[in-house]
Amino acid sequence: MDLLKEFWIREEECYSWGVFFAVVGLVLSFFATLWHFWFAFRHKRRCEMLLGIMGAASFWNVFIYFLIFTGLVRLVPDIYNKGIPFHYLVAPCAYFFVLFSLFPKLNWPGHWWVHLLPFILGMIDIIPYAIASVEEKKALMDVIVHDMQMTVRHEYGFIDQKWHYINKFLLAFVYIVAQWRLLYMHDLELSPISASTKQNVFAFTIIYTLQLLLQGGMVLSLVFNQTQRSFILQNLDQLSWISFFFLLFSCWLLQNAFRLRAENANDQL
Amino acid sequence: MKHIILWLCLLLCGFAHVRGELPYRHVQVLKGVDDHHVMFTVAEKDPFGLIWLVSGGELYRYDGVHVVPFAKLYEEKLPFDEVQTIAIDPWGRIWLNTRNGMLVFDLTTWRFCFNEHFVEGLTEKKALEFCQAENGFFVATQSGEVWQIDEYRKTLLFSFTVDKRKGRHTVGNLFTADNDGLWLAVSGNLYGYDRHQKKHQVVHIPLEIDDCIEDLLPLKGGVLIRNYRDGYYIYDGSFRLTSIRSAKEHDFTNWNHWGFVEGNRVMLFNNHGQYMELARDTTLTVLKKGYHRLAEHVLYKRLNAWRQFGDEWLLATDQGLYAVFPSSFSFDYVEYGTARGMFRQNDSYYFGGYGFLHRMPLQGSVAEYRKAPEKNYYAAYTQHRDTAYVALESGFLGQMVKGRLSILQPIVSPQYAHKFSDLGYCLSPYKGTTLLVGTSNGIWQYDIKTNQVMPLLDIAGVFFSGGKRILSIRYLGGKLTYSTEDGYYLFDGSRHKKRYPEGKQQLMIYDHLTDQGVEYLATKGRGIVMLTDSGSRTISMQEGLGSNTIYQLFAVQGTLFAGTHRGLSLITDSRIFNYRTNDGLPFEEFNHQAIFYDTAANRLFMGGIGGYVFFNPSDLLKAATQKDAIPEPRIAALHVGLKGNRYKHYYAADLLRDTIVLTEDALTFNMDFARPDFYRHGYDVLYKIDPLMDGFQQMASSGQITLVGLRPGEYKVHVRILPNNGGVEKTWTWLLKKQPTFFETQGFYALVLLSITGIITLIVLQRAKRIKDEKLLRKQISRDLHDEVGGLLTGISMQADLLLLDSARDKQSSATSIGQYSREAVQMMDDIIWAIDARNNDQGNLQERMEYLASQMLEPQGIRLLFDTSTKTDRKIPQVVRQNTYLLFKEILHNISKHARAEWVSISIHIDTKSLVMEVRNNGAQNLPRENTRRKGHGTRNMETRARQMNGNLSSVQENGEYRVLLTVNLRNIKWTI
């Protein structure tokens with residue numbers, strides 16, 4: 001507890017809707033993600049596996065942000081920036097989830113591994129921080145928690161760290177367009193899936209799109225107002241909306257778990 | 001000329017004594033409100049450190065930078081015409097005594113108070129006097145009332161009688177208070193009020209006291225009354241003249257006497273150099289008595305009012321506003337002109353410079369020493385108590401023995417004669433009986449015994465310092481160090497080496513010394529450079545040094561004394577203290593080689609452009625570490641430029657708090673920082689704006705920070721006060737929040753992204769639409785073929801099968817059916833092909849085709865055909881509409897021809913830009929055969945499906961013997977469904 005007190009910063013800001021949404025979303029997404037992994041392994045379901053990966057990456061992203069925001073990341077400096085490669089998986093996972101949900105009979109495309117390239121590049125880029133000394137890591141964390149723009153300005157990486165944000169969202173927008181195309185092209189009359197399944201995928205795409213738009217809005221704010229990067233990254237007005245849509249996504253994930261559970265029970269009957 | 005020289009002399013003398021005989025400084029705070037208006041009636045300081053002035057009946061505010069008329073600061077119409085005097089209460093409210101009564105202006109809310117309880121009723125009255133004690137603010141009105149003012153209320157203490165024929169304006173106070181009571185002398189009466197018992201008393205002041213009454217000083221148990229003619233009277237139930245009385249008339253006028261109360265003491269000063277400290281009670285016991293020293297020049301101004309604020313007095317005069325305050329250290333000063341090297345010989349100090357030497361006995365004053373010739377005495381070295389050597393700038397070297405100076409004529413070897421320079425700038429003892437003299441051309445070695453001089457050579461016999469102007473030399477531990485105009489060098493007896501700066505870089509170094517293993521260099525432009533084994537470090541103005549040009553250095557026990565271009569800097573324990581004129585220094589610019597430490601007397605002499613100051617280094621260090629409180633920076637005004645060429649100005653203390661919110665339409669933003677007490681030059685102001693600036697920088701003399709084109713977000717304005725003398729720097733921060741316009745919000749950016757993504761998605765979907773349309777077309781063709789042609793072909797197939805059967809009864813009928821089905825199939829194929837052919841999307845094709853079809857199907861059955869078409873647009877009909885309309889029309893005709901037995905059919909088609917409306921009526925609606933119901937039901941469903949496919953509306957109604965089918969298609973909202 002003493003350690004928590006020592007490292008905890010922005011205590012006042014923690015009693016805000018933004019942090020509340022984030023914490024509730026983290027709890028919900030944690031359990032929902034675990035359930036999806038369990039379900040996917042048990043029933044060999046690729047859609048649920050994709051959702052599990054996406055949920056885990058999103059959870060990690062928000063969790064690390066939460067630790068930075070509160071200053072607690074200084075307690076565990078090693079875990080910082082490990083999520084970068086996984087962030088690149090969110091958009092492909094969402095896309096393939098929609099693809100295989102709408103067209104369940106499709107096989108994996110021939111060049112599916114291309115979608116993993118950003119993930120691999122992200123893995124390479126976290127090496128400099130991973131091999132830095134503990135003192136260096138602690139020093140960086142000390143700087144970052146007080147000046148959050150340092151998350152994109154530090155030197156521990158082969159590329160300028162801001163490009164992770166930009167690339168991630170550019171790729172995500174490419175995938176989201178493709179995702180909407182899938183929805184458009186899908187013909188329920190010719191498909192074996194039920195209308196409720198399509199509605200579920202549709203709801204997922206809407207929530208994910210809105211979440212992406214808000215996050216993208218924040219990235220654009222950062223790009224166009226670079227002097228205020230530190231402020232924007234901790235601006236609760238902006239973070240509240242992003243947290244809220246993360247909570248919505250977590251809720252969707254949870255309801256999807258319940259829906260699958262019910263479907264599975266019906267199938268067994 | 002009542003209040004001239006002597007009054008102020010005494011005032012200054014008084015301060016000098018009270019503050020441990022520290023000399024007082026006076027500065028002109030303001031010359032005038034402008035160049036042509038220099039008279040001030042009164043000046044007051046508000047709790048925020050700003051000065052309020054009355055001049056020419058107008059009220060002004062001085063924030064340390066600008067003098068601004070109140071009329072300009074207050075945007076509404078002023079409720080007064082003329083201000084006579086002002087007072088400021090402890091809650092930040094200005095009490096204005098105007099020609100038409102009192103007004104109270106609240107600095108916190110920036111508005112006048114009229115209806116508040118503490119002022120209600122007072123605004124109609126004029127003030128006679130204001131006074132303050134530690135815990136109260138009091139107003140005596142001309143209507144004869146004394147009020148105690150609190151933060152939220154007022155209390156009437158007592159009433160008194162005013163006789164307007166009596167009374168005169170005094171510089172001293174005739175209304176005074178302490179924590180026990182109040183005293184008011186008015187109209188020949190003395191009013192006393194006991195604040196504990198809340199009772200007042202009145203007594204008539206004898207005429208001989210009242211006629212020359214000038215000041216009241218509150219005592220415990222009474223009041224001290226200054227009568228400028230007789231001296232001090234005391235009233236403690238009765239009036240009596242105290243022992244403090246005039247030896248001759250008018251000894252106690254404002255210009256030859258001054259007295260005030262401080263704590264439990266009464267301080268009195270007179271123009272005979274005497275001072276007294278008395279107990280502040282009716283016994284007036286003398287606590288201390290002595291002489292004071294006038295340490296300042298006087299002000300030849302007429303005094304209108306004085307006010308005390310902390311350790312400072314503000315003097316409002318006819319020729320400017322002055323502040324008098326104690327300096328932070330008492331430097332002894334030897335004033336004789338530009339100083340150079342000095343030395344002590346026996347009981348006298350000899351000061352070098354240009355012209356005659358100056359001599360000052362240990363006890364006595366400085367005077368020209370004419371026994372020595374006029375020379376440029378540049379640097380000195382004391383060899384013995386009665387022998388000293390002086391480096392002469394022209395003349396090389398002089399020897400002073402027991403006050404007798406002889407100019408040495410050194411013998412120069414012919415081989416070095418052409419290099420010899422007699423411009424000596426520094427000297428140092430060297431090996432044996434030799435001296436080293438730094439000249440404009442290197443270092444020369446002078447042998448006292450032989451009177452011979454030769455250049456200092458290295459092991460190779462090279463005159464290594466030749467061509468260099470030598471500025472300082474020190475020989476210590478067998479090593480010679482010296483500085484020149486291009487750097488600092490070390491000579492170890494055999495070879496020399498440049499120590500600083502490295503390489504070919506040049507830096508003028510005036511002086512150098514070594515203390516506790518660290519070498520200090522006094523540089524021109526780079527401050528003090530410290531050389532240690534681990535490298536070099538610089539102490540410059542950035543770290544708080546007075547100047548980056550250092551002329552002289554002295555070190556004792558880790559404390560460094562540096563004579564700079566801007567005052568004296570003292571560096572100790574990583575802290576830097578600076579002394580300038582307002583800290584007691586008589587001058588600020590020190591000189592090269594003008595430094596001397598008298599070990600016997602423990603005096604450090606540091607010389608500059610006006611002579612020498614001297615002091616005990618420990619005393620200065622002690623005084624430096626007893627730092628004074630530094631003023632808090634204040635925002636005096638905020639100016640915000642808004643869109644539409646609008647401006648807003650904020651002055652209220654309430655609005656100038658730590659957090660300032662700028663609206664989204666703010667374009668420019670100015671913060672006017674006040675500089676309280678800046679006239680005392682006690683501090684520097686630096687500022688930094690996060691995240692726009694990386695480091696602190698000096699605030700402009702205007703005190704203004706201007707921000708233009710601020711992006712939305714948070715900015716922290718840090719203002720750092722850097723005390724020049726003794727204080728630890730302190731930083732204050734204001735948070736500035738700039739609200740975003742809609743176009744700068746996250747929401748807007750999200751909308752931009754949505755638009756971009758939407759457009760890209762639309763383009764992608766448009767491309768996908770082609771694929772989907774093809775799919776749709778294929779699906780529709782297959783459905784049509786299946787529905788329309790498939791049935792016919794099945795019929796043909798069945799009839800053909802019948803023909804093959806021997807049992808077929810009517811082969812001719814089957815053949816006829818096959819023929820009929822085949823024709824229908826051909827017709828159907830033709831229709832389908834026509835329908836999917838995009839070339840038929842032109843206007844008129846649909847109507848022509850429909851008219852042709854109707855005539856083909858109905859006229860052979862004798863059904864009269866009425867066809868009416870109208871087209872009000874040139875646009876092509878969308879294929880899905882044309883295709884489905886045509887097939888739907890065909891279905892309708894088919895139903896009529898097969899089942900309706902109609903006599904006539906009326907068809908109307910109207911197409912415009914918005915819609916397509918088709919109406920088919922016939923009169924064969926009655927008596928439909930029951931066996932056809934199923935076929936009819938199938939046909940209707942088929943038609944409804946087609947209507948739905950183009951998002952059309954199909955209705956059929958049977959009334960008055962007519963059957964009517966109406967198709968309406970909204971051409972602007974065609975739905976592409978299958």
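Visitor: What pLDDT does chain B average, and what share of the residues score at least 70?

Guide: This is a predicted model. Chain B averages a pLDDT of 84, and 90% of the residues score at least 70.

Visitor: Where in chain B does pLDDT stay under 50?

Guide: Start with the general idea. Where pLDDT is low, the predicted coordinates should not be read in detail. In chain B, pLDDT stays under 50 over residues 1–22. Residues 293–300 of chain B also stay under 50.

Visitor: Which scores does the model as a whole carry?

Guide: The ipTM is 0.88 and the pTM is 0.66.

Visitor: How many helices and strands does chain B have?

Guide: The secondary structure of chain B comes to 10 helices and 71 strands. Of its 978 residues, 38% count as buried. Now take the contacts in chain B with a separation of 6 or more: 54% of them come from residues 24 or more positions apart.

Visitor: Let's read one sheet. What is the strand order in the open sheet of four strands in chain B?

Guide: The order is β10-β11-β12-β13, with antiparallel pairing. From one strand to the next, the twist averages 20°.

Visitor: Why is one side of β10(B) and of β13(B) left without a neighbour in the sheet?

Guide: β10 (127–133) and β13 (154–159) of chain B stand at the edges. Each has a single partner strand, so one side of each has no neighbour in the sheet.

Visitor: How many bridges join β12(B) to β13(B)?

Guide: Five bridges join them, and the two strands run antiparallel. β12(B) covers residues 145–149. For one facing pair, look at I149(B), which stands opposite K154(B) in β13(B).

Visitor: On to the interface. How many residues of chain B are in contact with chain A?

Guide: 21 residues of chain B are in contact with 23 residues of chain A. On the chain B side, β65 (713–723) and α6 (746–804) are the elements that give two or more residues. α6(B) gives the most, with 14 residues. By type, the chain B side divides into 13 nonpolar, five polar and three charged residues.

Visitor: Which residues of chain B does UniProt list as "transmembrane region"?

Guide: The unreviewed UniProt entry lists residues 747–765 of chain B. An annotation like this may be inferred rather than shown by experiment. In the model, the span 747–765 of chain B is 100% helix and 0% strand. Its end C-alpha atoms lie 25 Å apart.

Note on methods
Residues numbered from 1 in each chain as written. Chains lettered and ligands numbered in written order. Predicted model: local features only at pLDDT ≥ 70, side-chain atom pairs only at ≥ 80, totals over all residues. Contact = placed C-beta atoms within 7 Å. Nonpolar A, V, L, I, M, F, W, Y, C, P; charged D, E, K, R; others polar. pLDDT = per-residue confidence, 0-100. Pairing = 2+ DSSP bridges. Axes fitted to C-alpha atoms, helices over the stretch in contact; angles between N-to-C directions. Buried ≥ 20, exposed ≤ 12 C-beta atoms within 10 Å, placed from the backbone.
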